[in-house]
Each structure stands twice: as C-alpha cells, then as structure tokens.
Amino acid sequence: MAEGQTSSQPVPTGTDKDSSVPAVGYDKKCIFCRIVNNEMDTELLHRDEDICCFRDIKPGAPHHYLVVPTKHVGNCKSLNIQHVPLVKQMVDVGKDVLQKHNVTDLTDVRFGFHWPPFCSVTHLHLHVLAPVSQMGFMSRLVYRLNSYWFVTADQLIELLNSKEETH
C-alpha cells in the first residue's frame with residue numbers, strides 16, 4: 001500500500017486469534033494493553049484505532065479518566081518530538097470524554113502525566129481530572145502542578161519540542 005493510503009481493514013492491536021504471536025504494539029504483561037484489547041472487564045469510554053479511554057480505578061476527582069494509546073508506548077521519558085501529535089490527540093480525546101460526561105468548564109480540569117519513576121504503569125497514560133476544584137488533599141498532592149512527579153500535557157509537549165531544538 002502506498003504511503004498516505006489507508007486500509008479499511010482493522011489494525012490488529014492484540015494477540016492474533018489464529019496464532020500465539022502477539023501483534024505489534026501489544027505487551028501481554030501490560031494491564032493497559034489488556035484493557036485496550038478487551039481482555040479485562042473495563043468499560044471503554046472511547047476507542048478508535050489510535051486512542052482508548054477508561055475510568056481510573058482510584059479516582060482523584062469526580063471525573064478521572066485515563067487516555068492511552070492503543071499500541072504500547074512507554075512512559076513520557078521514552079517520547080520524542082514525533083510523539084507530539086499523539087499527546088495532542090490524547091488531550092483532545094480527554095476533552096471529548098469530559099464533554100460527553102457534561103463537564104463543560106474546561107478551565108477547571110487537569111491533563112497530565114506522572115514522570116518516571118512515579119508511574120504505576122509503564123504504558124503511556126494521560127490523567128484527565130475534573131473538576132480540579134473538587135479534588136481532595138491527597139489528589140492535589142499526587143497530581144500537583146510543577147512537581148517532580150507530575151507534568152501537564154502542555155509541559156510535556158513543550159519539553160518534547162525543546163528536545164528537538166537542542167539536537
């Protein structure tokens with residue numbers, strides 16, 4: 001198939017049903033890969049070829065969603081400038097899911113990533129939290145802005161863009 005063309009065939013993201021060989025971009029040990037591939041009893045709030053979204057099992061806010069790539073991507077330290085569109089797409093999906101759940105005040109939300117080694121799962125995942133004004137003390141600490149362990153999506157994009165400029 002020529003570059004730029006798309007296939008109407010679905011892109012395999014899990015294990016191939018006809019063989020025991022895992023598909024590209026799938027880590028059978030990764031809980032998020034298993035969720036994305038419907039191997040867990042987790043409600044998917046959004047799923048397309050590139051991005052999946054589901055509720056966090058330990059919510060830090062009334063609305064706490066995780067947005068993940070459907071293919072296994074490591075944590076934010078493994079990203080480079082080519083991942084900027086993916087991060088932006090993850091934020092867009094997070095905004096869409098919030099709006100579908102009647103969160104209209106997008107000034108009272110937080111979009112961010114835990115910075116390694118403070119990641120509980122090594123599959124890249126965006127935390128979408130709303131409303132921030134209703135987060136408790138511990139959540140405000142765990143998802144704190146300008147900390148060593150949490151970066152906003154905007155900060156990550158800026159960092160990825162600056163990495164390229166220095167090379």
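Start by selecting strand 2 (residues 51-55) together with strand 3: the two pair in the antiparallel sense over five bridges. Strands here are DSSP runs of E, at least two residues long, while helices are runs of H or I with at least four residues, both numbered from the N terminus. Two strands pair if DSSP finds at least two bridges between them. You're looking at a predicted model, where local features need pLDDT of at least 70, side-chain atom pairs count only at pLDDT 80 or more, and totals for chains, interfaces and linings use all residues. Residues are numbered from 1 along each chain as its sequence is written, and side-chain values use heavy atoms, without hydrogens and water.

Next, pick strand 5 (residues 126-130), which pairs with strand 3 in the antiparallel sense, again over five bridges. Click Leu 66 and you'll find its bridge partner in strand 5, His 127.

Now show the side chains of strand 3. His 63, Tyr 65, Val 67 and Pro 69 point one way, and His 64, Leu 66 and Val 68 the other. Seven of the seven residues are buried (under 20% relative accessible area; exposed is over 50%, partly exposed in between, with a 1.4 Å probe and protein chains only), so strand 3 is largely enclosed by the rest of the structure.

Hop across from Tyr 65 to Arg 55, which stands opposite. What does Arg 55 form a salt bridge with? Select Glu 43: the closest N and O atoms are 2.8 Å apart. (A salt bridge is a side-chain nitrogen of Lys or Arg within 4 Å of a carboxyl oxygen of Asp or Glu.) Glu 43 is exposed at 52%, and Arg 55 is partly exposed at 38%.
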